[in-house]
Amino acid sequence: ALERAESLLRGKGAWRIHGGGFAGCIQCLVPEADYASFAEAMDDWYGAGSVFELRIRPCGAHVLKA
């Protein structure tokens, strides 16, 4: 999966092992402009639903007051 991500992103973004054991996965930081084609290619390779999109909120870290 890491090699596939590397070949799809071609030096843009980042990819790494995340988790481990039997349910290990990779975490990829994909430029927004490349996301649709990246997700489609990974889903085609590993099966529909293989990609789970997470978004980082624009404010970054934030203190939540009780």
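These are my notebook entries on what I looked up in this predicted model.

**Ground rules**

I number residues from 1 along each chain as its sequence is written, and I work with heavy atoms for side-chain values, leaving out hydrogens and water. Since the model is predicted, local features need pLDDT of at least 70 and side-chain atom pairs count only at pLDDT 80 or more, while totals for chains, interfaces and linings use all residues.

**Entry 1: cysteines**

I started with the disulfides, a disulfide being a pair of cysteine sulfur atoms within 2.5 Å. By that rule I count 0 disulfides.

I then looked up the exposure of both, taking buried as under 20% relative accessible area, exposed as over 50% and partly exposed as in between (1.4 Å probe, protein chains only). Cys-25 is partly exposed at 40%, and Cys-28 is also partly exposed, at 22%.

Cys-28 sits in strand E2, where I take strands (E, at least two residues) and helices (H or I, at least four residues) as DSSP runs numbered from the N terminus. For contacts I require heavy atoms within 4.5 Å. Leaving aside neighbours within four places in sequence, Cys-28 is in contact with Ala-5, Ala-14, Trp-15 and Phe-38. Its C-alpha atom is 9.3 Å from that of His-18, a residue 10 places apart from Cys-28 in sequence.

**Entry 2: helix H2**

For its 12 residues the helix should span 16 Å, and its end C-alpha atoms are 16 Å apart, which agrees.

Which residues of H2 are buried? I find Phe-38, Ala-39, Ala-41 and Met-42. They cover an arc of only 165 degrees around the axis, which puts them on the same side of H2; the arc is that of the directions from the helix axis to the C-beta atoms. The face turned away from this buried side carries the exposed residues Ala-36, Glu-40 and Asp-44. Looking for what covers the buried residues, I noted that the cover includes helix H1 (2-9) and strand E2 (25-29).

**Entry 3: positive phi**

Most residues other than glycine have a negative phi. I therefore noted Arg-10, which has a positive phi of about 45 degrees although it is not a glycine. Arg-10 lies in the loop between H1 and E1 and is exposed, with a relative accessible area of 64%. I also found a positive phi, near 110 degrees, at Gly-47, the residue that follows H2.

**Entry 4: the largest pocket**

I looked for pockets on a 1 Å grid over the protein atoms alone, a pocket being an open set of points where a 1.4 Å probe fits, with protein on both sides within 12 Å along at least five of seven lines, and lining residues having an atom within 4 Å of a point. The largest pocket has a volume of about 810 Å³, the volume being the space filled by probe spheres set on points joined across faces, edges and corners.

Which of the 21 lining residues lie nearest the centre of this pocket? They are Cys-28, Val-51, Phe-52, Glu-53 and Leu-54. E2 and H2 each supply at least two residues of the lining, and E2 gives the most, with 5 residues.

I followed up Val-51, which lies in the segment after H2 and counts as partly exposed at 22% relative accessibility. Not counting residues up to four places away in sequence, Val-51 touches Tyr-35, Ala-39, Met-42 and Asp-43. The C-alpha atoms of Val-51 and His-62, 11 residues apart along the chain, are separated by 27 Å.

Gly-24 lies in the loop between strand E1 (14-18) and E2, and at 42% relative accessibility I count Gly-24 as partly exposed. Beyond residues up to four places away in sequence, Gly-24 touches His-18 and Gly-19. Ser-37 is 13 residues from Gly-24 along the chain, and their C-alpha atoms are separated by 23 Å.

Ser-7 is in helix H1 and is partly exposed at 42% relative accessibility. Its C-alpha atom and that of Leu-64, 57 residues apart along the chain, are separated by 39 Å.

Terms used:
Expected span 1.5 Å × (residues − 1).
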